[in-house]
Amino acid sequence: MLNAIRQSRRVLAVVAASLLVTACASKPPKPDVDYMNDYDFSGVKTIAFYDESGQVSGDNPMQLSDIQIDRVDDALTYALKQKGFQIVADASQSDMLLSWHLVTQFKTDVQTYNSPGMYGPYYGYNRYSMYNCWSCMPGGTEVVTRNYTDGTFIVDMIDPGMKQSVWRGTIHSRIKDKDQLKNQEVVNAAAVRIFAAFPPGMAAAQ
């Protein structure tokens, strides 16, 4: 039990550092994007963080530290500034609010493998069936179980007047434990990826 608790703490720390839980994947998944079709995004110039941004839900009870939340906020700020938006501290002076949260689920991957027989197989020749298998003794079945954490990183862009999300970007993946996820530049690149299609109609960032 103690080892399981330690493992969950370590995994969640990696989640925060990675920002989108797939920052170092060799072929990171493309974010899923949804938005309000009739909303006019052309007037959005200033963006502030929503007060309740940075929450974690799901069956992982651990919470993110202030350092981890700041790392995510810094990356999202970087990505939006690259798009020409101004990030302001006063939400009342913003055209849009940004909120992000992480959903984590513990899952188990079960795979079954057929083991070869103890003594074979051996093959022999006869004139009727050419090569036949002799002593193809059935082997056992090996079951390999791996526990992992499934993560979904969600970013909502909220209209302050409507008080509802008008744009959402989501990335879903297994959470990988890699030290390079602590690199802020890598986290920034992941944030740029999720905002590639924001605002709608704008060319994706390269």
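Me: How many helices and strands are there in the protein?

Reply: This is a predicted model, in which local features need pLDDT of at least 70 and side-chain atom pairs count only at pLDDT 80 or more, while totals for chains, interfaces and linings use all residues. Residues are numbered from 1 along each chain as its sequence is written, and side-chain values use heavy atoms, leaving out hydrogens and water. Helices (H or I, at least four residues) and strands (E, at least two) are DSSP runs numbered from the N terminus. Along the sequence the pattern is α-β-β-β-α-β-β-β-β-β-β-α, and the protein has 3 helices and 9 strands.

Me: What percentage of the residues of the protein count as buried?

Reply: Buried means under 20% relative accessible area, exposed over 50%, and partly exposed in between, with a 1.4 Å probe and protein chains only. The accessible surface (Shrake-Rupley method, 1.4 Å probe; for residues, only the protein chains shown count as cover) comes to about 12,500 Å², and 50% of this surface belongs to carbon and sulfur atoms. Of the 206 residues, the buried share is 39%.

Me: What share of the contacts with a separation of 6 or more comes from residues 24 or more positions apart?

Reply: A contact means heavy atoms within 4.5 Å. Among contacts in the protein with a separation of 6 or more, residues 24 or more positions apart account for 79%.

Me: What distance does α2 reach from its first C-alpha to its last?

Reply: The expected span of a helix is 1.5 Å times one less than its number of residues. For the 17 residues of α2 the expected value is 24 Å, and the helix is close to it. Its buried residues include I69, V72, A75, L76 and L80. From first C-alpha to last, α2 reaches 24 Å.

Me: Which residues does M157 contact, leaving aside its neighbours within four places in sequence?

Reply: M157 is one of the residues with the most contacts inside the largest nonpolar core. In general, in soluble globular proteins, nonpolar side chains tend to be buried together. Beyond its sequence neighbours, M157 is in contact with I47, M96, L97, L98, Q164, S165, V166, W167, F195 and F198.

Me: What geometry does the aromatic pair of Y35 and F41 have?

Reply: Rings of Phe, Tyr and Trp (its six-membered ring) pair if their centres lie within 6.5 Å, and planes under 30 degrees apart count as stacked, over 60 as edge-to-face and the rest as tilted. The whole structure holds 8 aromatic pairs. In this one, the centres are 6.4 Å apart with 80° between the planes. Y35 is partly exposed at 36% relative accessibility and F41 is buried at 8%, and their pair is edge-to-face.

Me: With which side chain does the side chain of T152 make a polar contact?

Reply: A polar contact is a pair of N or O atoms within 3.5 Å; within protein, one must be able to donate a hydrogen and the other to accept it, and residues adjacent in sequence count only if both atoms are side-chain atoms. T152 lies in strand β8 and is buried, with a relative accessible area of 15%. At 2.8 Å, the partner of its side chain is H172.

Me: Which residues does N188 touch, not counting those up to four places away in sequence?

Reply: N188 is found in helix α3. Its relative accessible area is 12%, so N188 is buried. The residues touched by N188 are D74, A75 and Y78.

Me: Is K163 buried or exposed?

Reply: K163 lies in the loop between β8 and β9. Its phi is near 60°, a positive value in a residue other than glycine. With a relative accessible area of 72%, K163 is exposed.

Me: Is the peptide bond from F198 to P199 cis or trans?

Reply: P199 is found in the segment after α3. Omega of the bond from F198 to P199 is near -5°, and the bond is cis.

Notes: Core = buried A, V, L, I, M, F, W, Y, C linked by side-chain atoms within 4.5 Å.
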